[in-house]
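Notebook open, model loaded. I want to go through the fold, the strand pairing, the core and a few side chains, in that order.

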Amino acid sequence: MPDQSLGLLLSELQALEVELHHPGVRCDSDRLEQLLHAEFHEVGRSGRTYDRAIILKYLSEQENSPSVISDGFAVSQLASDIALLTYRSAHRKEDGSLVDHTLRSSVWVRVENRWQLRYHQGTPAHELWHAPCIGS
């Protein structure tokens, strides 16, 4: 894939991923259903597994989203309609410090000409970083 196309793909998937960081602010339950693939599955940073129904319910009930900071986004095109997005994230506390440092991987698939999140995994990060972090 040419660099320009890969850059556009990274921008598009990064925007979709960040949209999921703030479900109560940036997207409603209909939008969440569009973003999450019918066979969505997640392994959380806790090691617990979640299916689409659990995540849709959880995200739709969020009234106050934590302040998620994310950066270091990278994309790999696995096939014409499949991409792997990786990045790191943390939650910003009121004092500005970052907690819950996490390395994240998401598999996005293009279905009917739109990208949907098929799989997501969060892994506790060994190395911590400090604020400010390029934010979302």
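Predicted model: local features only at pLDDT ≥ 70, side-chain atom pairs only at ≥ 80, totals over all residues.

I started with the secondary structure and got four helices and six strands for the protein chain. I took helices (H or I, at least four residues) and strands (E, at least two) as DSSP runs, numbered from the N terminus. Along the sequence I read the pattern α-α-α-β-β-α-β-β-β-β.

Residues are numbered from 1 along each chain as its sequence is written, and side-chain values use heavy atoms, with hydrogens and water left out.

**Strand pairing**

I called two strands paired if DSSP finds at least two bridges between them. Strands β3 (residues 68-79) and β4 (residues 82-92) run antiparallel and are joined by nine bridges. I picked out isoleucine 69, whose bridge partner in β4 is alanine 90.

Next I looked at β6. Strand β5 (residues 98-111) runs antiparallel to β6, with ten bridges between them; valine 109 has glutamine 116 as its bridge partner in β6. β1 also joins β6, but here the strands run parallel, with four bridges. Glutamate 42 is bridged to histidine 120 of β6.

**Positive phi**

The hairpin of β5 and β6 has two residues between its strands, and in it glutamate 112 takes a positive phi near 50°. Asparagine 113 lies in the loop between β5 and β6 and has a positive phi of about 65°, although it is not a glycine. I find asparagine 113 exposed, at 71% relative accessibility. My cut-offs are under 20% relative accessible area for buried, over 50% for exposed, and partly exposed in between (1.4 Å probe, protein chains only).

I also noted aspartate 100, in strand β5. Its phi is near 55°, again positive in a residue other than glycine. Aspartate 100 is partly exposed, with a relative accessible area of 36%.

Of the 136 residues in the protein chain, 36% are buried. For a nonpolar core I took a set of buried Ala, Val, Leu, Ile, Met, Phe, Trp, Tyr and Cys residues joined through side-chain atoms within 4.5 Å. The largest one has 20 residues, and Leu13, Leu20, Leu36, Leu85, Trp108 and Trp115 touch the most other members. Two or more residues each come from α1 (3-21), α3 (29-35), β1 (36-43), α4, β3, β4 and β6 (114-124). α1 gives the most to this core, with five residues.

Which residues of helix α4 (residues 52-60) are buried? I get Ile55, Leu56 and Leu59. They sit on the same side of α4, because they cover an arc of only 100° around the axis, the arc being that of the directions from the helix axis to the C-beta atoms.

**Around tyrosine 87**

I looked for ring pairs among Phe, Tyr and Trp (its six-membered ring) with centres within 6.5 Å; planes under 30 degrees apart count as stacked, over 60 as edge-to-face and the rest as tilted. The count comes to one aromatic pair. Phenylalanine 73 and tyrosine 87 have ring centres 4.5 Å apart and planes at 15°, so I logged the pair as stacked. The pair links distant parts of the chain, with phenylalanine 73 in strand β3 and tyrosine 87 in strand β4, 14 residues apart.

Buried or exposed, these two? Phenylalanine 73 is buried at 13% relative accessible area, and tyrosine 87 is buried at 5%.

Tyrosine 87 also makes a side-chain polar contact with the side chain of histidine 21, at 3.1 Å. By polar contact I mean a pair of N or O atoms within 3.5 Å; within protein, one must be able to donate a hydrogen and the other to accept it, and residues adjacent in sequence count only if both atoms are side-chain atoms. Histidine 21 lies in helix α1 and is buried at 11% relative accessibility.
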